[in-house]
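Let's take a guided walk through a protein model together. Have your viewer ready, and keep the sequence beside it.

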Amino acid sequence: MPSGPQQVPQIVTDKAHPARVYDWLLGGKDNYPVDEAVGEKLPPEARDGARQNRQFMHRAAAWLATQGIDQFLDIGTGIPTEPNLHQIVQGIVPSAKVVYTDNDPIVLRHAEALLVSHADGVTDYIEADVRQPEAIVEHARHVLDFSRPIALSLIALMHFLPDDQDARAIVRALVATLPPGSYLVLSHASSDVYPELSAQVTAEYAKGGIQLGFRTRAGVERFFDGLELVPPGLVTATEWGAPDEVLAVEGSGIYAGVARIS
């Protein structure tokens, strides 16, 4: 069982939530009519983006595991969709430890699916908000060894924090807790690859009560300030880690990158 709160908070079903809209975009069933209403008004490319983002996570997690990273802190986990991050990395490093974090009570309800770890590894879950980095790290220290490299995963999360919420300071605070040899894995919706589509998506989410802070490439790159981006650098989600023969055959409005902390 998760070592976070034992009593599941009440799930709000009359207001859309990012994790549930994302679940709908991926074809999941753990969402409500209010989430579906937002998703149905989004352009078809939004579903493509959700799929592309998920595929980037799979490739990045697998690459990190092959580099010997066996500790992962995944914030903004979302509703479980197989294969989950721990299934990817423990398939390569069975002893890997994964701590998941999300702020939607419905994710907590499904946390047991996230906690089905390989017998040699560990998975854990905490209900918390990325805007509480100290609380997240405090919990994660009970599972992860912060004297050894850790991969911090922020997949399609930070664009839900507009600039007035100081998203970059939150990422800096999290990165500052990680030892050398750790990695930051981040994907983020763009405002400049497909500007008209980005504006449409932002407007529809706003109608559902969800504020977005899509950013330009330069704006996303600032999340990696002081870190060493690994090849191919900050690119679109379909470009990162794709086999040479299929590089960029499908466009994406999501930026993605992996950077090493030295």
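The paragraphs below go from the strands to the cores, then to the pocket and a few backbone details.

A word on ground rules: this is a predicted model, so local features are reported at pLDDT of at least 70 and side-chain atom pairs at pLDDT 80 or more, while totals for chains, interfaces and linings use all residues. Residues are numbered from 1 along each chain as its sequence is written, and side-chain values use heavy atoms, with hydrogens and water left out.

Let's begin with the strands. Helices (H or I, at least four residues) and strands (E, at least two) are DSSP runs, numbered from the N terminus. Strand E1 covers residues 71-75 and pairs with E2 in the parallel sense over 5 bridges; two strands count as paired if DSSP finds at least two bridges between them.

E2 itself, residues 97-102, is mostly covered, with 5 of its 6 residues buried. Buried means under 20% relative accessible area, exposed means over 50%, and partly exposed lies in between, with a 1.4 Å probe and protein chains only.

Now for the interior. In soluble globular proteins, nonpolar side chains tend to be buried together. The largest nonpolar core in this model has 49 residues, and those with the most contacts inside it are Leu-73, Ile-75, Leu-152, Leu-154, Met-158, Leu-184 and Tyr-205. Such a core is a set of buried Ala, Val, Leu, Ile, Met, Phe, Trp, Tyr and Cys residues joined through side-chain atoms within 4.5 Å. Helix H8 (residues 167-175) gives the most to this core, with 5 residues. Apart from this core lies another, of 37 residues, among them Phe-56, Ala-65, Val-107 and Val-235.

Which residues does Ile-75 touch, not counting those up to four places away in sequence? They are Thr-101, Val-130, Ile-136, Leu-152, Ser-153, Leu-154, Ile-155, Leu-157 and Leu-174, where contact means heavy atoms within 4.5 Å.

Next comes the largest pocket, with a volume of about 760 Å³. On a 1 Å grid over the protein atoms alone, a pocket is an open set of points where a 1.4 Å probe fits, with protein on both sides within 12 Å along at least five of seven lines; lining residues have an atom within 4 Å of a point. Points are joined across faces, edges and corners, and the volume is the space filled by probe spheres set on them. Of the 39 residues that line this pocket, the closest to its centre are His-17, Pro-18, Ala-19, Asn-103 and Leu-157. Helix H1 gives the most to the lining, with 4 residues. H1 (18-25), helix H3 (45-66), E1 and E2 each supply at least two.

H1 is mostly covered, with 6 of its 8 residues buried: Ala-19, Arg-20, Val-21, Asp-23, Trp-24 and Leu-25. What covers them includes helix H2 (33-41), H3, E2, helix H5 (105-109) and H9. Just after H1, Gly-27 takes a positive phi of about 90 degrees.

The peptide bond from Glu-82 to Pro-83 is cis, with omega near -5 degrees, and Pro-83 is found in the loop between E1 and H4. Another cis bond runs from Pro-231 to Pro-232, with omega near 10 degrees; Pro-232 is in the loop between strand E6 (228-229) and strand E7 (235-236).

The loop between strand E4 (151-155) and H8 holds Ala-156, whose phi is near 50 degrees, a positive value in a residue other than glycine. Ala-156 is buried, with a relative accessible area of 18%. Asp-166 lies in the loop between E4 and H8 and has a phi near 55 degrees, but Asp-166 is partly exposed, at 44% relative accessible area.
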